[in-house]
Amino acid sequence: MNGPPVRGAWWGNLNRPAVALLAIHLLLVFPFFLPSLREINLWDEAAYISAGRRLVEGQIPTLADSPLAAGLYAISYLVFQGSPFWLILSCWWGRLVAFLLVWVSARRVGLSLERFFPALWLPGMLMVVPLGLEILTFPSDPLFAGLAGLSLAEMIRFTSSPDSRHLTRASAWVGAATLARNDGLVLFVILLVAALLLSPAAGRLRAALRAALPFLAIVGGYVLFSGVARGEFSTGVAERTYENFESGQQVVFTGSGEVNPVFESRAEAQRLFGTAEQNRSSVWNAIRRNPTAYRARLVAVLPSLPDTLLRAYGIRFAPVILLLAARGIFELWRRRELRLLGLLALWPAHLLTGFVITLFRPGHLQFAFPVVFSLAAIGLAAALARLAEGRERWAWTMGLGGLVLYGLAGEKLAIYYGAVVLGAGMWIAVWLMRRLPSQPTSRVAASMVLLGAALVVHGNYPSPRIPRLGVIAEERALEYMTQTLPSQSLVAAGSPGVVWAAGMTYAGLAATDIPLDSTPVEFLNWMRDSGFRAVYVDASLSAENPKVWELISNRIDHGLVRGFLAEEGDIQVLLVEIGSDG
């Protein structure tokens, strides 16, 4: 499966099968790297891309604001800043780089576990499980997950090798991951604990230093640099964590439906727990203020986790992957690989911080993909070997059969479909392994059958297309704003992406401090007094904030002039007339 290495491969240990698999993967998903403005995440993804522009303009991000992502997009902004579509082009660049990082990370973890299964199984899983693309729309997620995976690969090697250089490299990768997401701060503690547990007593001080110093140099160096550049040394971590804690109120609060539910839930959290200022941005202070309300959130978040896990790894794949991962845990226990088993169990423990803020989205659970895929691959290799020996037939028949029956009984046809096709692939792979005399040949044949089965379960990939900028309504509205309004004009909108792409200043109408109790005339005068030059209208305003849209639409042609109109009014740019309507 591995073949001779390609000379000069920049990430090392790359071979021709790996190059071929990567090329096929890129061809299958390449349209995803070329989204239109409509297909970009106009909240998080646009925010990280815009941070790159602000970095070029001299605004240094805090540690909490993902300086690594800002640096990535600063590079693209330097190249594309002359184009009105710089944000879209930067998105293309960022998605491709993040994808390659995640792919290389999976490859490196696979190589570190090559004694259990072919190294290409992990990037092969990445090729067919949906998270390989979904994770890219939140740029800090793939940067963190990819770098954390590179660190895990070094720690896996450390479980079977006393070379402390693995700890040095693992620490450096966690430091870089922390510049992508604050989760790295917790992962650093996990790294230290793992380094101490995996080291002999006499070498624990040396191991601790090896595991700590590179991280402290990277993260501490950035905090020092940004503090000097900005004139204050706040990392922003406490403030960002508290903001996420407020957003976590969504688990028990659905809102009125009049404005964006995220902002409504934050307002409800402030009512129950107090404001960030009152609690000094401390989640613990907020919880102590109202432990009953916090317990209600905990009780509500637990039942939602299985569904979130299924969405994170794809409902067609997740049940089989988790079944294989359970088999992988048993195999490590059976082989007394307790050091490796302990590391893989400890590594994703940073996800437990989600219970503090009671906020889990699928992307959070995808951070653990190197561990989940590794255990599943170990389990799959062990299951195929035992089945080829005539063992475990009843166990796998009952396990996969149970998933099939559950899918039918619960009308979850995706689970049924995935279990049937992947189960059939396993049995065909076993049949080939028993009839092909050469072990390398049989492993290659089995791998190809399993990949084919997984591709069938995956379904269609994005259709090939040639991107054309400036065609869809959102991109034409962007051009209209850049040609009509002075740069950095204050533009109100339901979401910020298009406004930022046009080089304007975003004024959020999906917020809790908007005067919703005003009359349409009062609301128009409030916009004038606030300095708004225009309103950008799309579904994030008209559909997600109906109360705000009602106030605005009432004044169209009476203080608000349609400067741009497309798709029967779904996309508009309304210019705010200077004056007063009484």
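Five strands come together in an open sheet, arranged in the order 2-1-3-5-4 with mixed pairing. Strand 2 (505–508) and strand 4 (560–566) stand at the edges; each has a single partner strand, so one side of each is left without a neighbour in the sheet. On average, and with direction ignored, neighbouring strands of this sheet are turned by 25° against each other. The model described here is a predicted one.

Strands of a sheet pair through backbone hydrogen bonds, in either the parallel or the antiparallel sense. For strand 4 and strand 5 (residues 571–576) the pairing is antiparallel and extends over six bridges. Within this part of the sheet, Leu 565 stands opposite Gln 572 in strand 5.

Helix 5 packs against helix 19 (residues 369–388) at an angle of about 110°, and their axes are 10 Å apart. An angle from 65 to 115 degrees counts as roughly perpendicular, and helix 5 and helix 19 are therefore roughly perpendicular to each other. Their crossing is right-handed. On the side of helix 5, the contact is made by Trp 121, Leu 122, Met 125 and Leu 126. Helix 19 contributes Phe 369, Pro 370, Phe 373, Ser 374, Ala 376, Ala 377, Leu 380, Ala 381 and Leu 384. The residues of this contact between helix 5 and helix 19 divide into twelve nonpolar, one polar and no charged.

Helix 5 also packs with helix 22 (residues 439–458), here at an angle of about 20° and with the axes 9 Å apart. Angles under 35 degrees count as roughly parallel, so helix 5 and helix 22 are roughly parallel to each other. Helix 5 passes helix 22 in a right-handed crossing. Trp 121, Gly 124, Met 127 and Val 128 of helix 5 meet Ser 447, Leu 451, Ala 454, Leu 455 and His 458 of helix 22. In the contact of helix 5 with helix 22, six residues are nonpolar, three are polar and none is charged.

Methods
Residues numbered from 1 in each chain as written. Predicted model: local features only at pLDDT ≥ 70, side-chain atom pairs only at ≥ 80, totals over all residues. Heavy atoms only, no water. Axes fitted to C-alpha atoms, helices over the stretch in contact; angles between N-to-C directions. Helix = DSSP H or I, 4+ residues; strand = E, 2+ residues; numbered from the N terminus. Parallel < 35°, antiparallel > 145°, perpendicular 65-115°, else oblique. Left-handed = near helix turned anticlockwise from the far one by under 90°. Contact = heavy atoms within 4.5 Å. Nonpolar A, V, L, I, M, F, W, Y, C, P; charged D, E, K, R; others polar. Pairing = 2+ DSSP bridges.
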